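Subject: Handing over a structure, with notes

Dear colleague,

I am passing a structure on to you, together with some notes on what was found in it. Please have the sequence and the structure open while you read.

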Amino acid sequence: MTQHLPVLQVVIPLVLAPLCVLVRHPRAAWALAALGSLCAFGIALDIVSTVLASGPLSYDVGDWAPPWGIEYRIDAVNAWILVIVSLVSTAVVFFARASVEREVEASRVALFYAAYLLCLSGLLGIAATGDVFNVFVFLEISSLSAYALIALGQDRRALAAAFRYLIMGSVGATFIVIGIGLMYATTGTLNMADLADRLPGVWHVRTIKVAYGFLAVGCFLKLALFPLHLWLPNAYTFAPSAVTAFMAATATKVAVYMLLRFFFTIFGAAFSFDVMNLDMVLMPLAVAAIFSMSFVAILQTNVKRLLAYSSVAQIGYMILGISFASVTGLTAAVLHLFNHALMKGALFMALGCVAYRIGSVHIDAMAGLGKRMPATMAAFVVGGLSLVGVPLTVGFVSKWYLILAALERGWWPLAVIVLITSVMALAYVWRVIEAAYFREFPGDRETREAPAALLVPTWALVVLNVYFGIDATRTVGVAERAAEILMGAAP
Amino acid sequence: MNEKRSPDSLQPPEAGRPPAQHGPNSVPPRWSKRILLGFLGLCVAAVVAGFLADIHGEHPWEEVPLFHALYGFLGISGLILVSKALRRLVMRPEDYYDDE
Amino acid sequence: MTSSLPPFLVFFVGALLAAVTRGTVRKVLLVLVPVAGALNVWGVEEGYAWQLEFLGYVLEPVRADRLSLLFGYLFHLAAFIAVVYSLHLKKAENATVQHVAALVYAGSALGAVFAGDFISLFVFWELLAVSSAFLIWSRRGPGSARAGMRYLVVQVVSGVALLAGALMRVHETGTLSFGFVGLDGLSGWLIFLAIGVKAAFPLLHSWLIDAYPEGTPTGTVFLSAFTTKVAVYALARGFPETEILVYAGAAMACFPIFYAVIENDLRRTLAYSMINQIGFMVCGIGVGSALAINGAVAHAFNDVLFKGLLFMSMGAVMHMTGKTKASDLGGLYKTMPFTAVLCMIGAASISAVPLFNGFVSKSMIMSALIDGGYMWIWPVMLFASAGVVEHAGIKIPFFAFFAQDSGIRTREPPRNMLAAMTVAAIACVAIGVRPGLLYGLLPYAVDYHPYDASHVLTQIQLLAFAIGAIVVFQLLKIYPAEIRAVNLDADWFYRRAGARLVRRTGDAVAQAGVALRSAAAGVARPMYEGAFRAHGPHGPLARSWPAGSMVLWVAIMLAAFLLFQFL
């Protein structure tokens, strides 16, 4: 049984998804989704402890040996991604029960959970597989279900946002499959380990460089790297609250993982940085993303949109970490994958609580909520402080490693940029705090605290924000291990 | 003691408002005279004592007789005059920043 | 003794409890917190430390030596006085917020002076900023909201500078420990700048003038005790004997006294006075000899007492009459005689009248200046100490309690306020009469005797004739009258010039946008639209554009990426 865990992780949600459609009953569908998430989370925890204790796992699907069969290969990097995705999914699924009942038509709730499970399965699949074509397949599964999830938003504009995301996502996926095709044409294999062996022999081939370009742009698009982020703000803004929390905390993270896998494991750090000068491409884009998107976030009046832009800026931090091309830089990036998932998950869920009670997440509508919904807004404040990077939260740990990496390379202006943009983050988080705590509540309506069904999952993530901000040894340990693997310093 | 006055070149900021409801000196004149006299006595005593006692200065300027008394008097005179001039430069109506 | 708790912990726990208690229970608790804290810190001895490991670095959230212990004792005394002073607060005055914020604030100040490394220092530094901002906001006026915000922004920026400097320092030296820093290299300057903001260095000072008078009557008493003193402590630890501090201190001691003469708001006058006093401390730290450092920290100790006393007396006036402007006040001695006497004790102390505490510490700094060979700075500081008499010694009590009768008839403030002021006044006199009480706590062994005939007499001459000049000017009716007005200060640069700059830049950008729009055609158009969507607040205008411009961006990226590789 235990040797099948790597594939069960992906298969369980995949099998539960059609069951959701069959049972039709909203609560039953929710129970299936919760079951799927919990199983995935449990398996992910088991896998990560195994991987950390005894090295990478390899699983041959259908007992077909690689490179002909599909291999699932899990090392510290993707074990970590599996934990992030399934952890957030579990928190969100418990949050979703009440939130989705409010925001999605009852007749579609079962379909919602089906799409949710498919999306989860797709994201886990991308992370778990050791086969590049399989990556594409799971990417399509997760993306198609994500479009459906976004389109379920109450706002009519959700449909348009989902459609645009569909176009852009398809372009991205197409680029990735073109890249994969070109690699296959040159090397004749789709297995990642096999590709990593064969590619150094064909570095000089122009096809490989073109493949690299297609894969890079495809990944940039999926992870919403500035300036290819334009699909993201609308998609996040108009999606149902639970979907926003789930997507913001997982989808772009998995895309960053794809980037890491393609460019570090498959092509190798040497090819990426010495031949393709990836750092010179990533760093300006990352800096532009951090600055321009933080600035845009300050100007937003819809808080969901504000956080969406903030996400693009935060992705900039991860990319900045990658562009340092060092173990410390990658540690910062991998660490921020997890930490950002925690903070944005908590923030979007807190916003979901607000939307549940007052039906709007406009900054003016949140006036005076500090008194009316103290637990919700307190969660938002802690999440916001974490986003800013205040000590004792996970945000600080991320920024700390990022700055260390910058100083290690002697690029102290980048360290200063990280600090300055933290103050910009403070500015946009502060706008919400100012509205919630320093403005009077418009007295014409009754507003109560959000129900415990929403608050408990939200606060679970908030507590993790603080817990891993204080005791960072475990997260930093895994991130360092992952960074060493990616740089090729460890198996 | 003194009437409300403002520097000549500046419009009094309270122009157009009713003047502040200030009464006469709060300390009765008899008392203020006694206080002034007592203070004058203190000044004289300080000077006399200064000559009697052995003042060993640490700074070369302290060799000047009654240096501290002169410095205090002139320093404050200068301070007040410069401040009055400063007012012309920096004083603005009370609601200067109100439209920010 | 290892059984002691970290000093800040007592206050943080107290703050938690204060948040959930009400009425008499909270009052008892509030008084108990500084008392318990004092008993706790009395058990802390030199060398007491509390370490933990974080991200591979050793942090020392608590590390005690004589310097931090002195500030530790001082902050407990200050917290006790200020807490008693604020006991009467009622719900309508935001009592819970004020009490909790005050305890967190005092605790953070303690945390900062016992912090052994830069990260802990940074944490407490920012906590100081945030908690103290609530003491300003609690006044709930529109002016307070904005002033509090400006205050917070400045303080947070100071914290960021501290962190930046600390990180660069870690990179240079490999240690986070907070010891002597010095001004070599960028990291030293960044840390210096961060502390300088909190210490209100010239041109970095305007947050203090701007914000302190906007605090609540009780809140400002807390504010006056902690933030700037933490900065003085940090300077004494990180930058002793840094010559630039002597000149910075001299500038700080001098320029505020001119402003103080013409300032109408008496609490703002005290804020200027505060910078003037910090100037003496900064100057002493710059000289750096044992005598000078002793003088600087002793003066910090005394300043907390007498400046607190003065702020308390003005707070009492404000609490009872709602006014703090000299032009609105006068003649209050008739109805607030105790307050008037206590205020005058504070005024005598800050003026360094012999037998009051200001004298025993300020004369140490003056002597140290001469010992250190700063012959041209000494007269400057002497002028500054004469100036103190003018604004803090005479102006504050005179215009509030005497001068022309404003016709205001009120009562003495609540008993707790009087009690707090009395404690501070007793401390002022006690240290003035028995300087050994304070000298015994100073970081270096003290061999200094303020009370010799020469010192005392020259000081009396200086003060008497300085007052004489004021009397003469008053009698001749050329003393500057109290006028309701705003005096421009360095904050003008960001409140006015900065705002104008932003507005103009905005206009210019808007005009450029119009020009660009009319010029845009062909390929430029979708790109411009994309940029507009990215930066402007979302508008329903360009709904059909984005998909196109997004794909365009993809194409551009791919092309750029490939070109980059093949050129």
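The notes below go from the contacts between chains to single residues.

This is a predicted model, in which local features need pLDDT of at least 70 and side-chain atom pairs count only at pLDDT 80 or more, while totals for chains, interfaces and linings use all residues. Residues are numbered from 1 along each chain as its sequence is written, and chains are lettered from A and ligands numbered from 1 in the order in which they are written.

Contacts between chains

Two residues are taken to be in contact if their C-beta atoms, placed from the backbone, lie within 7 Å. Of the two pairs of chains that touch, chains B and C have the most contacts, with 53 residues taken from chain C and 52 residues from chain B. On the side of chain C that touches chain B, the elements giving two or more residues are α10 (243-262), α14 (357-371), α15 (377-401), α18 (453-475), β3 (486-487) and α19 (492-519) of chain C, and α18(C) gives the most, with 16 residues. The helices (H or I, at least four residues) and strands (E, at least two) named here are DSSP runs, numbered from the N terminus. By class, this side of chain C has 32 nonpolar, 14 polar and seven charged residues, where Ala, Val, Leu, Ile, Met, Phe, Trp, Tyr, Cys and Pro count as nonpolar, Asp, Glu, Lys and Arg as charged, and the others, Gly among them, as polar.

Chain A also meets chain C, with 37 residues of chain A in contact with 31 residues of chain C. The side of chain A that touches chain C draws at least two residues from each of α6 (157-187), α8 (206-222), α12 (278-299), α17 (394-408) and α18 (412-438) of chain A, and α18(A) gives the most, with eight residues. By class, that side of chain A has 30 nonpolar, four polar and three charged residues. Chain A and chain B, by contrast, do not touch, and their nearest C-alpha atoms are 18 Å apart.

Domains of chain C

Chain C is divided into domain 1 (1-238), domain 2 (240-485) and domain 3 (492-566), with bounds that come from an automatic or database domain assignment. The centres of domain 1 and domain 2 of chain C, taken over C-alpha atoms, are separated by 24 Å, and 34 residues of domain 1 are in contact with 41 residues of domain 2. On the side of domain 1 of chain C that touches domain 2 of chain C, α3 (66-85), α8 (206-211) and α9 (217-238) of chain C each supply at least two residues, and α9(C) gives the most, with 11 residues. The residues of this side of domain 1 of chain C divide into 25 nonpolar, seven polar and two charged.

A pair of helices in chain A

Helix α13 (residues 303-323) of chain A packs against helix α14 (residues 327-358) of chain A at an angle of about 170°, with their axes 8 Å apart. Axes are lines fitted to C-alpha atoms, for helices over the stretch in contact, and angles run from 0 to 180 degrees between N-to-C directions. The angle makes α13(A) roughly antiparallel to α14(A), a term used for angles over 145 degrees. By class, the contact of α13(A) with α14(A) has 12 nonpolar, six polar and two charged residues.

Single residues

Ala326(C) has its place in the loop between α12 (290-321) and α13 (337-350) of chain C, and it counts as buried because it has 23 C-beta neighbours inside 10 Å. A residue is buried if 20 or more other C-beta atoms lie within 10 Å of its own, exposed if 12 or fewer, and partly exposed in between. Not counting residues up to four places away in sequence, Ala326(C) touches Asn264(C), Leu266(C), Phe399(C) and Glu482(C).

Leu392(A), in the loop between α16 (374-388) and α17 of chain A, has a phi near 75°, a positive value in a residue other than glycine. With 16 C-beta neighbours inside 10 Å, Leu392(A) counts as partly exposed.

Finally, the peptide bond from Phe226(A) to Pro227(A) is cis, with omega near 0°, and Pro227(A) lies in the loop between α8 and α9 (231-238) of chain A.

With best wishes

Key:
Parallel < 35°, antiparallel > 145°, perpendicular 65-115°, else oblique.
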